[in-house]
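Here are my notes on this entry, for someone opening it for the first time. The points cover helices, salt bridges and surface charge.

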Amino acid sequence: MSKHPKLQEWEEKVLAKALEKFPERKDEFKTVGGLEVPRLGLPQEVDEDYIQKLGFPGQYPFTRGVQPTMYRSRLWTMRQYAGFSTAKETNQRYRYLLDQGQTGLSVAFDLPTQIGYDSDHQMSKGEVGKVGVAIDSMADMEILFDQIPLGKVSTSMTINSPAAVLLAMYAAVGEKQGVSMDKIKGTIQNDVLKEYVARGTFIFPPRPSLRLITNIFEWCSENTPSFNTISISGYHIREAGSTAVQEVAFTLANGCAYVQAALDAGLDVDVFGKRLSFFFNAATDLVEEVAKFRAARRMWAKLMQDRFGAKNPRSWMLRFHTQTAGHTLTAQQLDNNVVRVTLQALAAVLGGTQSLHTNSKDEALTLPTESSVRTALRTQQIIAHESGAANSIDIFGGSYLIEELTDKIEDEAWTLMQKIEDMGGVIPAIEQGFIQRQIEDSAYDYQMKVENKERIVVGANEFQSTEDIKVPLLRIDPEVEKAQVERVQAVREKRDNDQVQKALSALRQAAQSETNVMPSIVEAVKTYATIGEICDVMREVFGEHRE
């Protein structure tokens, strides 16, 4: 049987080129029993319907993956999310994870940092270093990445409203290490729209927040071309209680808002579009999750090509990081969480993720201990090296059930996105409370099903145990806050405060005009201006958002 011309074209032009650049990891991909595993499972006859809906990996519409060889050439980045207490302690955890085989860093910031307050601000009391690392100035960032070469390590930072400040600090620390800005790699989350509907760590109103985001797009395209400028996040939408369909619809709708804002600011979609990335949740319903990831990829490709007119195939790609679902972890029978996380991580891999964080079993109760973090990382490594899931591309592709669910999720997500469009877009939908109500209704519905045992949660509402098991908990010493407060105050005393005030004044002028604020923020962090001081300047100019 002759090959379909499109298949032959893919093999000769796309696959061959990819293999030349990224050879496959080994010569043979076989099962434990010695059976050859094909690179890509295909139907007996590749027809036009297949080409339109599934295509081939690394080619529009990317249903089967964004890279032609996927994990056969390079495994996903194992990027464990970590951050607690002080920069010094978090640095030790990062170096431990890198020693254990982690291949990328992911920074969790404490709540004061997330909402742009210094550790000695009255709003920070009792929260310093609790759910992430406290970063007040570039001095903390220098300690956070001490002995970690930023020219070699890729770093993801989960920060939104003050994303510009943390990105500036990271770039400045890289320069201090001798790494030019164009050589640093990583991702800044920088997705504030989901904060208004799912998390609440916003500072400024939506419209100036969009301006800051597009300023980052523009600045990064000129200064840090290898840095992903945004990680459009469905993760927190799902954690707040959404369904898989809502996660896709609301995430892609937010993505459309960012793209449109950048276009309105005069940016080129094929410049900033290549550096957009996404962040999704992986829950325990393995089949639904795999279908969700495939549907999202196909939808984004269509949006970027058809709606926004992107010409570069790299601009059509939905590249995403995945984190296993924190909301599924139970405080009861903690070991059950290892099984849940394994299923969720497998779903992410089968769905084609580019990087992955696996939650630790004890996170329903506490920040994870080193032991539980190691088990979470080992989960990824076992999937990568023992399960066979990385030996072939889009393993479930062509399954009647997977394809039906992929189509169904796509159809329902388009319908929901159209409702948002009919309201005038994401910002009016947020301002009218539509998205928030949708998520709340779904969360309530799910909780009722759990309470009525229509949904079984093993160990929580069924198969319960009365054993009182002692669990080692990682607790943050209250002295941490005192030490961090003293540290930021010492930084203020030692720096050149005249230079700080000049830098903050320049930032105020940039914020009041239409000038890109990123260069001013970079100069301010280099003077050791604090995150609170920088954000306060922007609070004065932009105002603060109130629900």
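1. Helix H10 covers residues 244–264, and its length can be checked: at 1.5 Å a residue, its 21 residues should span 30 Å, and the end C-alpha atoms are 30 Å apart, which agrees. Keep in mind throughout that this is a predicted model. Of the 21 residues of H10, 18 are buried, so the helix is largely enclosed by the rest of the structure. Just after H10 comes glycine 266, with a positive phi of about 90°.

2. Helix H6, residues 163–176, passes the length check too: 14 residues at 1.5 Å each should span 20 Å, and the end C-alpha atoms are 20 Å apart. Here 12 of the 14 residues are buried, so H6 is largely enclosed by the rest of the structure. The buried residues of H6 include Leu166, Leu167, Met169, Tyr170 and Val173.

3. How many salt bridges does a search of the whole structure find? The count is 34. As background, side chains of opposite charge can pair when their charged atoms come close. Three of these pairs are taken up in the next points.

4. Glutamate 24 and arginine 72 form a salt bridge in which the closest N and O atoms are 3.1 Å apart. Distant parts of the chain are linked by this pair: glutamate 24 lies in the loop between H1 and H2, and arginine 72 in the loop between H2 and strand S1 (77–82), 48 residues apart. Both glutamate 24 and arginine 72 are buried.

5. Aspartate 407 meets lysine 53 in a salt bridge, at 2.5 Å from N to O. This pair also connects distant parts of the chain, with aspartate 407 in helix H16 (residues 400–422) and lysine 53 in helix H2, 354 residues apart. Are the two partners buried or exposed? Aspartate 407 has a relative accessibility of 19% and therefore counts as buried, the cut-off being under 20%. Lysine 53, at 29%, counts as partly exposed.

6. Another salt bridge joins the side chains of arginine 487 and aspartate 140, at 2.7 Å from N to O. Arginine 487 is in helix H19 (residues 479–494) and aspartate 140 in helix H5 (residues 138–144), so the pair links distant parts of the chain, 347 residues apart. Arginine 487 counts as partly exposed at 28% relative accessibility, while aspartate 140 counts as buried at 2%.

7. Which residues form the patch of positive charge? They are Lys17, Lys21, Arg74, Lys185 and Arg314. Lysine 21 belongs to helix H1 (residues 5–21). With a relative accessible area of 62%, lysine 21 is exposed, because exposed means over 50%.

8. A surface patch of negative charge is made up of Glu45, Asp47, Glu48 and Asp49. One of its members, aspartate 49, sits in helix H2 (residues 48–53). Helix H2 also holds lysine 53, the partner of aspartate 407.

Notes:
Residues numbered from 1 in each chain as written. Predicted model: local features only at pLDDT ≥ 70, side-chain atom pairs only at ≥ 80, totals over all residues. Heavy atoms only, no water. Patch = residues over 30% accessible without salt bridge, like charges linked within 9 Å, V, L, I, M, F, W, Y side chains within 5 Å. Areas by Shrake-Rupley, 256 points an atom, 1.4 Å probe, with all protein chains shown as cover. Salt bridge = Lys/Arg side-chain N within 4 Å of Asp/Glu carboxyl O. Lys, Arg positive; Asp, Glu negative; His and termini not counted. Charge placed at Lys NZ, Arg CZ, Asp CG, Glu CD. Helix = DSSP H or I, 4+ residues; strand = E, 2+ residues; numbered from the N terminus. Expected span 1.5 Å × (residues − 1). Buried < 20%, exposed > 50% of the residue type's maximum accessible area, 1.4 Å probe, protein only.
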